[in-house]
Amino acid sequence: MSVRIGVVVFPGSNCDRDTTHALALAGAEPVELWHEQASLEGVAGVILPGGLAYGDYLRAGVIARFSPVMRSVAAFAADGGLVLGICNGFQVLAEAGLVPGALLRNRGLRFLGRDVRIAVEQADTPFTHLAGERRPLRMPIAHGEGCYYADAATLDDLEATGRVLFRYVRSDGSTAGEADDPANPNGSLRAIAGVRNAAGNVAGLMPHPERASEGLLGSDDGFGLIRSFVESAAAGAAATTAVGTEVGAR
Amino acid sequence: MSTDFRFAVNVLPKPGILDPQGRAVEGSLGHLGIDGVSAVRVGRRVELTVTASGEAEARATAERLAGELLSNPLIEAFRVELLGATSSTTSAASTGASRA
C-alpha cells in the first residue's frame, strides 16, 4: 500500500498540484489538506508547498502560521512527524519557528524565477538520503524573499550540528559567495538554501525539487529529494504500525 | 465604560540586519542631488484601534499583537505609539450619525 503524504493547500498556494504530481510519481498517495481543517487525516508526512499563502501579506508565511492546519502540523512535528517546506512552505515554517532563521527580501530586491544549483550538505537525512550521486543538483527558484538570515551564533550552531541541508553552489560545485555572486541568487548568509530543525524531522528549502522531478521539466535532479521524503515517511509509518501491532498483541 | 485607543505600530529591521530596500533608497538619493543623508532603514507602520477599559490594557494588547504577528522578533524591532483615545460609545454614535 502506498504511503499517504499530506500537501497543505493555503489560499494562494500554487505549487500544490506540482507537489502532489511529484509525490504520485514517487509512488505516494498525496492527500490535499485544506488550511481550515485541523485534521491531518492520518498522513505519514506533510509537505508545505510553494506559492503565496494568504497573499504573503504582512510578511511571507506569517498569516499562514496561524491557520488551523498549521497548529496540527506543529503538533505533528513536535511528535516527530516528517515535515518539509518548499519555498513559501519554508517561509511558513520559519515564521512558525519550526525551523531556525528567517527569509529576508532578496538582496537584489527582485523576484527571481530561474534555475539554481545546490549541493546536498548532509546526505544521510530523511530528506536527502536518495538524492543520488549527481552533484550539484539543478532546480528552479521562484521567490522574492529567500535571503536566509540567522545571527552568527545560530549559523555556527547550525553548521556544527549538521543542520545546514543545502547550499547554493557554482556550476563547478564550489560554495557560492554571499554577495554579488549570481550563484547565490538571493544573497543568503553562508549561501544557505535549506536547513532542518534540531530534532531533524522538519526541513525547509527555497528551491523547488518538485518542479525538477522528471525529464520533461528539463531536470529531474529534485526527484531524489521527493523520493527521500516519501521513503522516509513510509518507513516511519511502517514503524508506527509495527509498534501498534505489538501493543495490540499484548 | 470602554475607550477606543488608536495606536501606531512602527516596525523596523533591527540594527545590523540587511535592509536592501533601505540601501536602494539611499542609493537613489544621489540621483536627486541630495547629500548628507545616510542610514536609511525601510520598515512598516500599522495603525489600529483597541477597545479597552484603560490605556494599560489597550497597550498590552497592541504590544502583544506587535510582537507575535506584526513583527518577526528575529529580524525586526517594533515601537507602539499611542495616537489618541476616544470614548467608545461616542465614536459609535458619531459613526451612526454620519451614516444617517
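Reply: Let's go through the sheet, a helix, the cores and the contact between the chains. Before that, some ground rules: this is a predicted model, where local features need pLDDT of at least 70 and side-chain atom pairs count only at pLDDT 80 or more, while totals for chains, interfaces and linings use all residues. Residues are numbered from 1 along each chain as its sequence is written, with chains lettered from A and ligands numbered from 1 in the order in which they are written.

Me: In what order do the nine strands of the open sheet in chain A come?

Reply: Strands (E, at least two residues) and helices (H or I, at least four) are DSSP runs, numbered from the N terminus. Two strands pair if DSSP finds at least two bridges between them. Here the order is β2-β1-β3-β4-β11-β10-β9-β6-β7 in chain A, with mixed pairing. At the edges you'll find β2 (29-34) and β7 (137-143) of chain A; each has a single partner strand, so one side of each is left without a neighbour in the sheet. From one strand to the next, the twist averages 25°; for angles like this, axes are lines fitted to C-alpha atoms (for helices over the stretch in contact), and angles run from 0 to 180 degrees between N-to-C directions.

Me: How many bridges join β6 of chain A to β9 of chain A, and how many join β6(A) to β7(A)?

Reply: Three join β6 (residues 112-120) of chain A to β9 (residues 164-168) of chain A, and the two run antiparallel. One pair to find is A:I118 with its bridge partner A:Y168 in β9(A). Between β6(A) and β7(A) there are seven bridges, again antiparallel, and A:G113 has A:A142 as its bridge partner in β7(A).

Me: Is helix α3 of chain A mostly covered or mostly uncovered?

Reply: Count neighbours: a residue is buried if 20 or more other C-beta atoms lie within 10 Å of its own, exposed if 12 or fewer, and partly exposed in between, with C-beta atoms placed from the backbone. In α3 (residues 88-95) of chain A, eight of its eight residues are buried, among them A:F90 and A:L93. The cover includes β3, β4, β5 and β11 of chain A. Just after α3(A), A:G97 takes a positive phi of about 75°.

Me: Which residues touch the most other members of the largest nonpolar core?

Reply: A nonpolar core is a set of buried Ala, Val, Leu, Ile, Met, Phe, Trp, Tyr and Cys residues joined through C-beta atoms within 7 Å. Of the 80 residues in the largest one, they are A:I5, A:V8, A:L93 and A:V230. Helix α5 (residues 223-249) of chain A gives the most to this core, seven residues. A second, separate core has ten residues, including B:F5 and B:L70.

Me: How many residues does each chain give to the contact?

Reply: Residues are in contact if their C-beta atoms, placed from the backbone, lie within 7 Å. Chain A gives eleven residues and chain B gives ten. On the side of chain A that touches chain B, β5 (102-104) and β8 (147-149) of chain A are the elements that give two or more residues.

Me: And which elements make up chain B?

Reply: From the N terminus on, they run β-α-β-α-β-α, giving three helices and three strands. Buried residues make up 15% of the 100 residues in chain B.

Technical notes. Two residues are in contact if their C-beta atoms, placed from the backbone, lie within 7 Å.
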